[in-house]
Amino acid sequence: MIYFAGEGRDEFKDWLRSIEAKWQKRWREARIFEADPDPSRPKYFLTVPYPYTSGPLHIGHGRTYTIGDVHARYLRHKGYNVLWPMAFHITGTPIEAISARIRMGDEEYIRLYRSYLKLYVKGEDEIDRLIERFKDPWEVMKFFSSVISSDFDALGYSIDWRRRFTTGDPEYNSFVSWQFIRLREKGYIVQGGHPVLYDVMEEQAVGEDDILGGDEIKPGIVEFTAVKFDAGEGRYLVAATLRPETLPGVTNVWVNPDARYVELEAKGERWIVSEEAEVKLRLQQHPVKRVGELRGRELVGLRVRDPLVGRSVPVLPGTFVDPDEATGVVYSVPAHAPYDYAALMDVKADPERFGVPRELVEGLQPIPIIRLPGYGELPAKEACERHGVRSQEDREALEAATEEIYKKEFYEGVMTAGPFAGLKVTEAKERTREFLFGRGLGFTFYEVTALKKPVVSRSGGKVVVAVLPDQWFLDFNAPGWKERGREALKAMAIVPEKYRKLFEDTIEWLDKRPCARKRGIGTRLPFDPQWIIESLSDSTIYMAFYTVIHRIRALGIDPSKMGVEFWDYVFWGKGDPDELAQRVEVSPEDLKGLREEFEYWYPVDHRHTMIAHITNHLTFFIMHHAALFDERYWPKKITLNEPVIREGTKMSKSKGNVIPLVEIPKVYSADWFRLYSVSAADLATVLDWRDRDVQTVGGRLRRFVEIFRMVAESEPSGERDVGVLARWLESRTASMLRQVDEMLANHRYRDAAIRAFFDHLRDVEIYLRYGGRDFGLLRKIFRSWAVALEPFIPHLAEEVWERLGGEGFVSLAPWPEPEEGAVRPELEEAFRVVERTIEDVNKILRTVRERKERLFIYLAPDWKYEIISRLEAELKPPISQKDAFRVASEFLRAHGKEAQHLIREFVGEQGAIRHSTPEAEREMFSALVDMIKDRTGVREVVIALPGEGVPDPMGKAKLAIPGRPALYLE
RNA sequence: GCGGGGGUGGCCGAGCCAGGUCAAAGGCGGCGGACUUAAGAUCCGCUCCCUAAGGGGUUCGUGGGUUCGAAUCCCACCCCCCGCACCA
């Protein structure tokens, strides 16, 4: 029979793959996962975020989608009409950037994409052809969405593909336009200034992946405080600092003597800054005009006045000053800034060398203004000494010293001078800024920060910070929005619950968020079409789009005719459907059908994804639903899973240890992967992909198939096994069905997979080895077992189901509900009693280190079970000996010492004596004699039932207690 | 720094919310055995320390506390990981 596993490993894998392909085809042909409204059944709308189609997915994605699929499949068994749709995300810059780089001939990228293509297509020619096509972003997206959907099919995901779309489709654009128009009407969208990284050459904003060195140098934006030092006659030397609170300690101002400075006309004033700063000021929306140029050294000796305490200080030369950092002018606080301290000492030591008149610097002394625990008056001096700073050229040592002082003073320092004396540094900093800004004496100056400078874009342009004056924002702090968001969250289930706090905090922390960019793929802002809606902002309520897109397409509605009224009607039920129908050129019935389908499926019952999405996507998902929909359409539940790592290390492109999803069915198999990825870790645990463990799961899977083969090929004898082990296995099956049901309902996927597959497989093995061979019974068990296994290993389950004569697809079979009384706890406990006894025997054997041939097992007499039942019924911990003796007094009278011994045992264990019924224990021991022999290695096992007169040379029998028979080995 | 999550036996990892059945599931690794010409696969046993009969001792980051009883609750401390945005 061809579908059975062959002998070798590869044959088994081949067989698995062949049945997987077979069932995938059958599911597709029978369209069993296409979900349509059915008022007769409860609906369940499950979504997992659509993938971004810039490259192949990996097993981390696979874990998340598999969990979603397991849940969808489980709920179909529970009678739900389950909708699980999928689409593809193409919005934003990455896909466009890929094409741009391939067009530019970027070797690194071409190599990367060739390696991706190799996963899917054969032949260098074909790869070349595709790379050529990838110069068009649409082709990138088309290719990857197509292969990703094949990957999903190959893993057996039960997706309704009719609703598939991409976020670049015209219908989607119309939908997102509606969303933004309505958000704006509600006052949730505002416009304002916003700093961004900006390529001076290309004259456009850049993201991290547009920057050379990309993710390694971590480019960012930092806020300096520009401080205007009055040079008289309307001229100001504009210094910039990260520590405005140190202004009271200023002793001088530094300029780089060799750098070029410019004098700018700004708001009726003259500002002096470095030449490099000029363009930055302009980009940051300061209208400036160059009116003069000068060398840094020309400024030396100039006296300027600080705007806070009004001290007159000289301008001095500092070679450490970088003209390309902020304004290229810094003020000096030698008491608290190591650079300033070192530079000041340099100048004072040898003024001539710096071309400074001695009298200009002679009197300059550090001015302490911050008290710092653990330091003296001059923390900067101490830090310089500790780090071995010899001059202002010791960059490395100075950086270290600066970092030390900056951090310490920021968090621990207290001002001792100036208008904010007595305040903490953090507070003084804010107050100083307010003071300066309020009086026009300072402003925020944005600068690029990075681990390595200079920061240059991939196209070679210098990257600076620009302020966009007309950036569009989602204003999460708009009146009422957050309240609704909090309410929505409150009503929602979060699984695992421990992540709820993070959602709550994220909602609080949300402020204005830029929601559009000038580049990339996506939907244009309807009210300002030069902007393209940013990719997280256009993916917040798209689950609603799934409910109708397939119908819109089937009806052939022209996207350009839809307009806001169309979506108002579909989602809000607003407007006159007859009139609208005419406008979009469909029948009123068809239009109403759209509305009805939306109403049927909404709200989203369940969204599953990875925890990384909490602080962005998922919170927006909640917020936008809160903004645009009625309470009854707010999402009901979010479940989350941690990521996947491999052999203890993170997967990353650079390490080359990423396992692409497409390889899974080739190297392993769909069911194998599914079973492993669900059983190897809880939702809240990082899944460590270990090949050793994966192999173990494969081995178990194979064992399952072998047993199934035996069962399926067997001729049912017609004779029913009524032995205790058969009854035990039936009970185990019933309890498995109950437990797995409950576990899956509560998203305990790992526990469910272990119980349904591994534990139950072991039970079946035990039955086959030590019990009977009632194949009729086993067939029955396999049939309900197949349903419980179907969410995890759907292909194998279908095979089992079909082979055993199940009707239709097991994927659609109802969950088997065990009859009342099908679970027999006393049998299951009796089995455990036997297992524990085996452990005891082995412990004895190990301790005595002697070969023993024969094992006597003496079971306790009925009256001992009666004592225990009585005590259990009447006493709860803490249990005193006195109470126990009182409760069991009649037994004490009847059985004396032996009863006393038992009661003491009970008190000692505080009632925790695990046992079954006398009948079950006796039957089970008798039935499992062979298992006891196998596992202990003794040749003969004698089960001594009470009163049977079995020899008891050591008088052990009286020590027997319920759940723990007495033992004698000889 | 702020916010969040954690620290369990050689390793990974359950248990902790609802304290007792916890020397602590399961897997991996290791050791021994069965099977086999052999290897692999599979199966069985063992795998903190002591122990010549199922016993005892010491363990769940560290130190205290609550309790008849703590891996589980409380306090303090130490250490690790993640997020801090306009980016998918």
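This is a predicted model: local features need pLDDT of at least 70, side-chain atom pairs count only at pLDDT 80 or more; totals for chains, interfaces and linings use all residues.
Local features need pLDDT of at least 70, side-chain atom pairs count only at pLDDT 80 or more, and totals for chains, interfaces and linings use all residues. Residues are numbered from 1 along each chain as its sequence is written, and side-chain values use heavy atoms, without hydrogens and water.

**Helices α25 and α28**

- Helix α25 (residues 670–679) packs against helix α28 (residues 749–770) at about 125 degrees, with the axes 7 Å apart.
- Helices here are DSSP runs (H or I, at least four residues), and strands are E runs of at least two, numbered from the N terminus.
- From α25, the contact (heavy atoms within 4.5 Å) uses Leu675, Val678 and Ser679.
- From α28 come Tyr749, Arg750, Ala753, Ile754, Phe757 and Phe758.

**Threonine 733**

- Threonine 733 sits in helix α27 (residues 724–745).
- Threonine 733 is buried, at 4% relative accessible area (buried means under 20%, with a 1.4 Å probe and protein chains only).
- Beyond its neighbours within four places in sequence, threonine 733 contacts His760, Ile781 and Ser784.

**Helix α36**

- Val929, Met931, Ile932 and Thr936 are the buried residues of helix α36 (residues 929–936).
- These residues lie on the same side of α36, because they cover an arc of only 160 degrees around the axis (taken from the directions from the helix axis to the C-beta atoms).
- Their cover includes α28, α31 (825–848), β26 (854–858), α35 (918–927) and β27 (940–944).
- Glycine 937 follows α36 and has a positive phi, near 85 degrees.

Technical notes:
Chains are lettered from A and ligands numbered from 1 in the order in which they are written. Axes are lines fitted to C-alpha atoms, for helices over the stretch in contact, and angles run from 0 to 180 degrees between N-to-C directions. Buried means under 20% relative accessible area, exposed over 50%, partly exposed in between (1.4 Å probe, protein chains only).
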